[in-house]
Amino acid sequence: MATAVQQQPYRGGSGYVARSSSSGLYDVLELILDKGLVIDVFVRVSLIGIEILTIDARIVIASVDTYLRFAEAVNRLDLMSTETQGLPELMEGITEGGASSKTKGVLQGAKEALFGDEEEEEKDKGDEGEERSGRRRSSDQTTTKRRRRSEASGSGSGSSRRSKKS
Amino acid sequence: MADSDRKPRYVYGVVRGDGSTPAVKGIAGAPLELVDAGEVAALTSVAPAEYLEAGREDLLTHSRVLEATLEQGTVLPMRFGVVVPDDETLRGRLLEGHREELLAQLAEMDGKVELTLKGVYDEAAILRELVAGDREIGYLRNAIAGKSEAATYYERIRLGELVAAAFAARQERDSAAVVEELRPCAVAVRVGEPIHERMAVNASFLVERSGQPKFDRAVDEIGKREAGRIRFRVTGPLPPHSFVELEAVV
């Protein structure tokens, strides 16, 4: 949407905390779907795909699938840490995004399936496409898993949330 | 009775009766209109015919309309997706039926905004921390190392289970600590569930506009302390989504 509202400018700060005054989808999805005034007698429109995805994120943690991914993450970490024991190097890696890109796809997987990458989201606020999950796959082993979840989620009807009264 | 009185309306939020619409378009490009009932008014736009399914663009429009309204004054945001069949229903079921509540909440929200705080763990940092902090995790990890996946299937599930549990405990502790540290800077706080696996903190703070710098400084302090471990993001000022509610009317 090209006509993004110009909000108050970035509020400064130390550089340790990212700030956005105008909301991207990632930042407000939960708020506008789950919070705010609502009255049951009113019609609520359904939202294809996105609602079911937010539910998916909440249940994903307690599954064998998840456990195996955690285990994989820890094992891979082991291999990495044989070379990089020192704290300074660890810090550097994190700051530069190096370490996190190496281990990407483990905890990151569910998030990307949900929202796309956070930074990416910032860049393409104008993107009008509703299907985001097919983009920008990394080539690590979790790709298959992630894609599967995205597709399953993307085809959901959102009906489970629609029927929820609040 | 004008034609538009009988058209279905998408409802963004509630403002005072003397409020004005912001200079942005509503859903499907429709102009924003106030439907008022004396002291309170609903911020709406005529909904497209057969408007039953919404997409990403509509979510963003909802959000941007409300943010633009917030710049002009106090607004009580509706949840996404509320459509009323006609103006009479809107007045009866919302504006008149809840007048006292709405007025009270408008007064309560004057001069306040919602700021959301999300903290996301650095994956490598948090996993290292969990491995170092739990003997059984370390032991299992060593036992599995170098063996085939098939031969260690159950050990790997057990390892993952332990890591997931340790992670959840750590997350709960970190979230609580951050929220408690920021609580003095806010009028009210709502702590949400993590919405993805790597999330450390997901909370909303109702903050006086005048108190925003204090809040910002406090978050910066935390961000500096947790650098390399948790990456924080503050979004706002937003309308007070997490702090408005209506009593159900029977």
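The model is a predicted one, so please read every value below as computed from predicted coordinates.

**The two chains in outline**

Chain B contains 7 helices and 10 strands. Its radius of gyration is 24 Å, whereas a compact globule of 250 residues would come out near 18 Å. The C-alpha trace of chain B extends about 80 × 45 × 35 Å along its principal axes. Among the contacts in chain B with a separation of 6 or more, 72% join residues 24 or more positions apart.

Chain A has 9 helices and 3 strands. Reading from the N terminus, its elements follow the order β-α-β-β-α-α-α-α-α-α-α-α. Of the 166 residues in chain A, 36% are buried. For contacts with a separation of 6 or more in chain A, residues 24 or more positions apart supply 68%.

**A sheet built from both chains**

Which strands make up the open sheet of 5 strands, and in what order? The order is β1(A)-β10(B)-β7(B)-β9(B)-β8(B), and the pairing is mixed. At the edges are β1 (17–20) of chain A and β8 (188–191) of chain B, each of which pairs on one side only. From one strand to the next, the twist averages 20 degrees.

As a reminder, strands of a sheet pair through backbone hydrogen bonds, in either a parallel or an antiparallel way. Within this sheet, β7 (residues 112–121) and β9 (residues 199–208) of chain B are antiparallel partners, with 9 bridges between them. One place to look is V113(B), whose bridge partner in β9(B) is V207(B).

Helix α6 (residues 153–182) of chain B packs on the sheet and touches β7, β8, β9 and β10 (230–238) of that chain. The direction of α6(B) makes about 20 degrees with that of β9(B).

**Two helices that pack together**

Helix α6(B) also packs with α7 (residues 212–225) of chain B, at an angle of about 145 degrees and with the axes 10 Å apart. Their crossing is right-handed. On the α6(B) side the contact is made by V178(B), E181(B) and L182(B), and on the α7(B) side by F215(B), A218(B), V219(B) and I222(B). By type, the residues of this contact are 6 nonpolar, no polar and 1 charged.

| Residue | C-beta neighbours inside 10 Å | Class |
|---|---|---|
| A28(B) | 16 neighbours | partly exposed |
| V189(B) | 18 neighbours | partly exposed |
| T116(B) | 23 neighbours | buried |

Why does T116(B) count as buried? T116(B) has 23 C-beta neighbours inside 10 Å, and a residue is buried if 20 or more lie within that distance. T116(B) lies in strand β7 of chain B. Leaving aside its neighbours within four places in sequence, T116(B) is in contact with D27(A) and L31(A), as well as S204(B), T235(B), G236(B) and L238(B). By contrast, S148(B) is 32 residues from T116(B) in sequence but 44 Å away in space, C-alpha to C-alpha.

V189(B) belongs to strand β8 of chain B. Beyond its neighbours within four places in sequence, V189(B) is in contact with V179(B), R183(B), A203(B) and F205(B). V189(B) and V131(B) are separated by 58 residues in sequence and by 32 Å in space, C-alpha to C-alpha.

**Backbone details**

Most residues other than glycine have a negative phi, and most peptide bonds are trans. Here are places where the backbone of chain B is worth a look. A28(B) is not a glycine, yet has a positive phi of about 60 degrees. A28(B) sits in the loop between β1 (9–16) and β2 (33–37) of chain B.

Where is the cis peptide bond? The bond joins G236(B) and P237(B), with omega at about 5 degrees. P237(B) is part of strand β10 of chain B.

Finally, β2(B) and β3 (residues 40–46) of chain B pair in the antiparallel sense over 5 bridges. In this pair, E33(B) stands opposite T44(B). The two strands β2(B) and β3(B) form a hairpin with 2 residues between them, and G38(B) in the turn has a positive phi of about 75 degrees.

Methods. Residues numbered from 1 in each chain as written. Chains lettered and ligands numbered in written order. Predicted model: local features only at pLDDT ≥ 70, side-chain atom pairs only at ≥ 80, totals over all residues. Helix = DSSP H or I, 4+ residues; strand = E, 2+ residues; numbered from the N terminus. Rg over C-alpha atoms; globule rule 2.2 N^0.38 Å. Contact = placed C-beta atoms within 7 Å. Pairing = 2+ DSSP bridges. Axes fitted to C-alpha atoms, helices over the stretch in contact; angles between N-to-C directions. Left-handed = near helix turned anticlockwise from the far one by under 90°. Nonpolar A, V, L, I, M, F, W, Y, C, P; charged D, E, K, R; others polar. Buried ≥ 20, exposed ≤ 12 C-beta atoms within 10 Å, placed from the backbone.
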